[in-house]
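Student: I have a model open and want to know what the labels on it rest on. Can we go through them one by one?

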Amino acid sequence: MSAELPPRQRQALERLVERGTLTSEQAEAVRTEFAAEPAPQRAGGIWEVLGYAGGALVLGGASLLVGMSWETLSVPARVGLLVAATAVLVLAAGFIAGGPRGARELAADAPSRRSRIVSALLALASGAAAMAVVAGLDGTDSSLAASALGLVAAAAGYALLPAVPGLVATGVFAYWSGIALAGELPGGGSVPEMLVLIVLGGLWAVLAVRGVLDLPARGRAGRVRRDVGFGIAAATALTGAQWTAVAHQSWSYAITFVLAVGCFAAFVALRSAVLLVFGVLGVTVAVPEALYHWTGGALGGPLIVLLVGVVLLAAGGFGLRLRKRVG
């Protein structure tokens, strides 16, 4: 035998040979192929945990220090601390990746502990950079400038090393930028913010459908990024629909329901379970809101809870049947 297999696999191959299902040559080929496959990488590891914890503590410690010393620190000192935290996070990411060339190699390889840590550190660095802008523009409205810088930094990190942490950070900063941009529009309010978030969700959906988010990866890694993109799109659009729940309640639940139906339709076409989940969530939110509005609030709290449960069960059952039909 040219390669060793675990006892159960070896015994299974021997039984197949004894029954005549496989020849000895075929069994040897299967054994060699299994042995040639790299051992699956463990999902966790102390070094990965330390990397996440260290990055989070750098950002958290710097922000806590600035917050606790806000009145005593000058503006340049606040900005300097946060810029230093940003630099530390970027340098740590570069060191772990092995420089720009190492980052490109990580991007071309299958997802690993190193790639996840590097992507998470770059995402945290984008947050530190945005906080530095907030500290630098003390006393002024810094939302648009801070969110725009964070978006650019997060997107650049994702372009350098496409991984889920960077994609999520880009989605968060895009959401913040959308709200800040809508606030700058003439006559800004809940309606412009709702429209901007729904359009932004649509843009995320287009990027995910066209495969922009999964490049250069193919296979499972690409599908994961595509599904995360769908999740960002649905979450952005649905929260946008709920943005007018106080001022324009009928708009809110009507648009939420339409978006939920759109998620179901997209699931049928694209086979992404994330879309099914958000479709169920959208229906679960929209239907009780509509009934509460139509009855003028006559439904009590316990009845609303019961109604939400019924709707959730119905939507979940419908989603499972739909998944079975298309899967």
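Tutor: Start with the second largest pocket. Its lining has 16 residues, and those nearest its centre are Ala205, Ala233, Gly262, Cys263 and Leu275. Helix H9 (190-209), helix H10 (220-241) and helix H11 (249-270) each give two or more residues to that lining. This is a predicted model; local features need pLDDT of at least 70, side-chain atom pairs count only at pLDDT 80 or more, and totals for chains, interfaces and linings use all residues. Residues are numbered from 1 along each chain as its sequence is written, and side-chain values use heavy atoms, with hydrogens and water left out.

Student: What makes a space a pocket and not a cavity?

Tutor: The way out. On a 1 Å grid over the protein atoms alone, a cavity is a set of points where a 1.4 Å probe fits but cannot get out. A pocket is an open set with protein on both sides within 12 Å along at least five of seven lines. Lining residues have an atom within 4 Å of a point.

Student: What volume does the second largest pocket have?

Tutor: About 250 Å³. That is the space filled by probe spheres set on the points, with grid points joined across faces, edges and corners.

Student: How are helices and strands called, and what does the chain come to?

Tutor: They are DSSP runs numbered from the N terminus: helices are H or I with at least four residues, strands are E with at least two. The chain comes to 13 helices and 0 strands.

Student: What makes a set of residues a nonpolar core?

Tutor: Its members are buried Ala, Val, Leu, Ile, Met, Phe, Trp, Tyr and Cys residues, joined through side-chain atoms within 4.5 Å. The largest one has 18 residues, and Leu167, Trp204, Leu213, Ile232 and Phe264 have the most contacts inside it. At least two residues each come from helix H8 (164-184), H9, H10, H11 and helix H12 (273-294). A second, separate core has 14 residues, including Ala93, Ala103, Ile117 and Val118.

Student: Which residues does Trp204 touch?

Tutor: Leaving out residues up to four places away in sequence, Trp204 touches Leu167, Thr170, Gly171, Ala174, Leu213, Gly229, Ile232 and Ala233. Contact means heavy atoms within 4.5 Å.

Student: Why is the pair of phenylalanine 173 and tryptophan 176 called stacked?

Tutor: Rings of Phe, Tyr and Trp (its six-membered ring) pair if their centres lie within 6.5 Å; planes under 30 degrees apart count as stacked, over 60 as edge-to-face and the rest as tilted. This rule gives 2 aromatic pairs. For phenylalanine 173 and tryptophan 176, the centres are 6.0 Å apart and the planes at 25°, so the pair is stacked. Both residues lie in helix H8, 3 residues apart, about one turn of the helix.

Student: Why is phenylalanine 173 called buried?

Tutor: Buried means under 20% relative accessible area, exposed over 50%, partly exposed in between (1.4 Å probe, protein chains only). Phenylalanine 173 has 8%, so it counts as buried. Tryptophan 176 has 29%, so it is partly exposed.

Student: What makes the pair of tyrosine 175 and tryptophan 243 edge-to-face?

Tutor: The ring centres of tyrosine 175 and tryptophan 243 are 6.3 Å apart and the planes are at 70°, so the pair is edge-to-face. The pair links distant parts of the chain, 68 residues apart: tyrosine 175 is in helix H8, tryptophan 243 in the loop between H10 and H11. Tryptophan 243 has 32% relative accessible area, so it is partly exposed.

Student: How do you know whether serine 115 is buried or exposed?

Tutor: Its relative accessibility is 5%, so serine 115 counts as buried. Serine 115 sits in helix H6 (residues 113-136). Beyond its neighbours within four places in sequence, serine 115 contacts Leu106, Leu161 and Ala163.

Student: Why is arginine 271 called exposed?

Tutor: Arginine 271 has 52% relative accessibility, so it counts as exposed. Arginine 271 lies in the loop between H11 and H12. Its phi is positive, about 60°, although arginine 271 is not a glycine.
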